[in-house]
Amino acid sequence: MDKNGLGHVIEFVRNDYLCKVLFINLIIHKKMVSYKDLGLVNTKEMFAKAIKGGYAIPAFNFNNMEQLQAIIQACAETKSPVILQVSKGARQYANQTLLRYMAEGAVEYAKELGWEHPQIVLHLDHGDSFELCKSCVDMGFSSVMIDGSHLPYDENVALTKKVVEYAHQFDVTVEGELGVLAGVEDEVSAEHHTYTKPEEVVDFVTKTGVDSLAISIGTSHGANKFKPEQCTRNADGILVPPPLRFDVLEAIEKELPGFPIVLHGSSSVPQEEVATINKYGGALKDAIGIPEEELRKAAASAVCKINIDSDSRLAMTAAIREVFALKPAEFDPRKYLGPARENMKKLYKHKIIDVLGSEGKAE
Ligand SMILES: [Zn+2]
């Protein structure tokens, strides 16, 4: 081959190589979406402010439009920062991609409602594998939870560390968990509490590099958080649950001063919603939650994220049951989902203003 011919071959191979690199880059970048481009924020600054200010950020789960509208309306009206949570069940029900686009839409919707600087986090609730957390980071979530709490300690550390190392490259914050909550939430379930061991928290946080830590101090997933035999009954026959273990929380705070702590399973199970549900044909027996005074007390401490899901389900169900019972001829979904949305919004505002204290913290 002459000198010129060889040059052409080299040029061709080089161009071919560059094309392939460009193509692969295109694929990678097309797949990667940064939450920053969606107008979302991570939890870092939000938590730092919440600890300093003695309040907690509401973490509301969503899996449908009415819930999301109610959350955003409530937060826009109260100017409260918020964490939108997507659980495993929500991903299966509504589709992870669709939920991500809904969250992106929520930012724009919040602005339309007059909330100039919405502080909205899109968070994966109870991520159970590195791959799932990675896929959420890659598609624009600003925060993920990796829940290795059911694993042996060293495996929890290794898995959490792996997720942190990936997520932090993209400024995505990570929540880990130590200790196990009782109760059932989507596919997360456990028979008994295993309280977080305060002597483990420093080692866990140091080794993994997590940004926040979910702990177990007696909160519980679901609407039946406690068995009647664990409770006492007040004068009205309403079950009173055992108190949260504030001694464990205090011991953890002592070990990790100023570090963001998270409470899962913190619905209060409003008895008026339970009564409405049962009045109109429901059958919720001994549904019981965490008293709001206890959550208020926790919010004033290093607890800066409080997860609330069941309460919104109850508010929605109560409103729908009432319409079905009182207007049996109604068949336009907007006529029962509309009141459901209103009832959820009322609940969210109550939590923000009266329980968590996050009103006006994201002007
Ligand atoms: Zn949870």
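Biologist: Is the crossing where H3 passes H13 left-handed or right-handed?

Modeller: This is a predicted model, where local features need pLDDT of at least 70, side-chain atom pairs need 80 or more, and totals for chains, interfaces and linings use all residues. Residues are numbered from 1 along each chain as its sequence is written. Helices here are DSSP runs of H or I, at least four residues, and strands are E runs of at least two, numbered from the N terminus. With the near helix turned clockwise from the far one by less than a right angle, H3 passes H13 in a crossing that is right-handed.

Biologist: At what angle do H3 and H13 pack?

Modeller: H3 covers residues 65-78 and H13 covers 333-356. Their axes, lines fitted to C-alpha atoms over the stretch in contact, sit 8 Å apart, and the angle is about 40°.

Biologist: Which residues of H8 are buried?

Modeller: Buried means 20 or more other C-beta atoms within 10 Å, exposed means 12 or fewer. H8 spans residues 198-208 and its buried ones are Val201, Phe204 and Thr208. They cover an arc of only 75° around the axis, which puts them on the same side of H8. Glu199 and Thr206 are exposed on the other side, leaving as the buried set Val201, Phe204 and Thr208.

How values were computed: The arc is that of the directions from the helix axis to the C-beta atoms. Axes are lines fitted to C-alpha atoms, for helices over the stretch in contact, and angles run from 0 to 180 degrees between N-to-C directions.
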